[in-house]
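Trainee: I've got a model open and I'd like to learn how to read it. Could you walk me through a few features?

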Amino acid sequence: MKQFNWKYYFVLLLFVPVLLKVFLEAENHITFLWTFILFMGYLAWILFSGIIFYKYNKKRGLRNGFCINYEYEMLAIHFWIDTVNKELAALCLLNPFKVQYFHLDSIEKIEPVVSYTGRKKNYAYGVYFYITINGKRTSVGVASSGRGCLININYINCYLEYIQNFKDVIWNAKLM
């Protein structure tokens, strides 16, 4: 599963030196102000364009013939499961331009992982799982403390049940 679109963000970053050159060579205050506004708009586009395309493609829907039976929202990936046609669709936040489709038989393993803070295992930094599709292992975040509060053991168990539910739906659909 491709989670990051390198080409798009690389092309966006190629424009940064050009904008900086124009910004630094401004001769008067009006030119400086317009290039500053252009530069800030460009930075906002770099930061938020992925979210805009992600929301658009999520609302636009899936291809014809895909029957949505289950839907799972993770931190940076949205999953749809079609148990009729035995397919999994995924839309990634940093690769928001197309929905990726996988046959459920290509999913080999789903392993939940918790990154605990200490030996007592009362709190965690994050809960995620590894999904192996066609031999390629991908990490999918479910919950993260980020810069905020740590995740309590009660929430950890809730997230692990969420991952187990996701796993059970896929395995049951594969057996049908």
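Mentor: Happy to. Let's begin with a strand pair: strand β6 (residues 123–133) and strand β7 (residues 136–144) run antiparallel and are joined by eight bridges. Strands here are DSSP runs of E, at least two residues long, while helices are runs of H or I of at least four, and both are numbered from the N terminus. Two strands pair if DSSP finds at least two bridges between them. Before we go on, this is a predicted model, where local features need pLDDT of at least 70 and side-chain atom pairs count only at pLDDT 80 or more, though totals for chains, interfaces and linings use all residues. Residues are numbered from 1 along each chain as its sequence is written, and side-chain values use heavy atoms, with hydrogens and water left out.

Trainee: How many residues sit between β6 and β7 in the hairpin?

Mentor: Two, and Asn134 in that turn has a positive phi of about 55°.

Trainee: Now the open sheet: what is the order of its strands?

Mentor: The order is β1-β2-β3-β4, with antiparallel pairing. β1 (70–73) and β4 (95–103) are the edge strands, each pairing on one side only. From one strand to the next, the twist averages 15°. For angles, axes are lines fitted to C-alpha atoms, for helices over the stretch in contact, and the angle runs from 0 to 180 degrees between N-to-C directions.

Trainee: Which helix lies across β1, β2 and β3?

Mentor: That's α3 (residues 153–175), running at about 145° to β1. Contact, by the way, means heavy atoms within 4.5 Å.

Trainee: Let's zoom in on β2. Is Trp80 buried or exposed?

Mentor: Buried means under 20% relative accessible area, exposed over 50%, and partly exposed in between (1.4 Å probe, protein chains only). Trp80, in strand β2, has 4% relative accessibility, so Trp80 counts as buried. Leaving aside neighbours within four places in sequence, its contacts include Leu62, Phe66, Leu88 and Val99.

Trainee: What links Trp80 to Glu71?

Mentor: Two things. Trp80 is the bridge partner of Glu71, and their side chains make a polar contact at 3.3 Å. A polar contact is a pair of N or O atoms within 3.5 Å; within protein, one must be able to donate a hydrogen and the other to accept it, and residues adjacent in sequence count only if both atoms are side-chain atoms. His78 also lies in β2 and is buried, at 3%.

Trainee: Last one: how many aromatic pairs are there?

Mentor: There are 13. Rings of Phe, Tyr and Trp (its six-membered ring) pair if their centres lie within 6.5 Å; planes under 30 degrees apart count as stacked, over 60 as edge-to-face and the rest as tilted. Phe4 and Tyr9 have ring centres 5.2 Å apart and planes at 15°, so they are stacked. Phe4 is partly exposed at 27%, whereas Tyr9 is buried at 12%.
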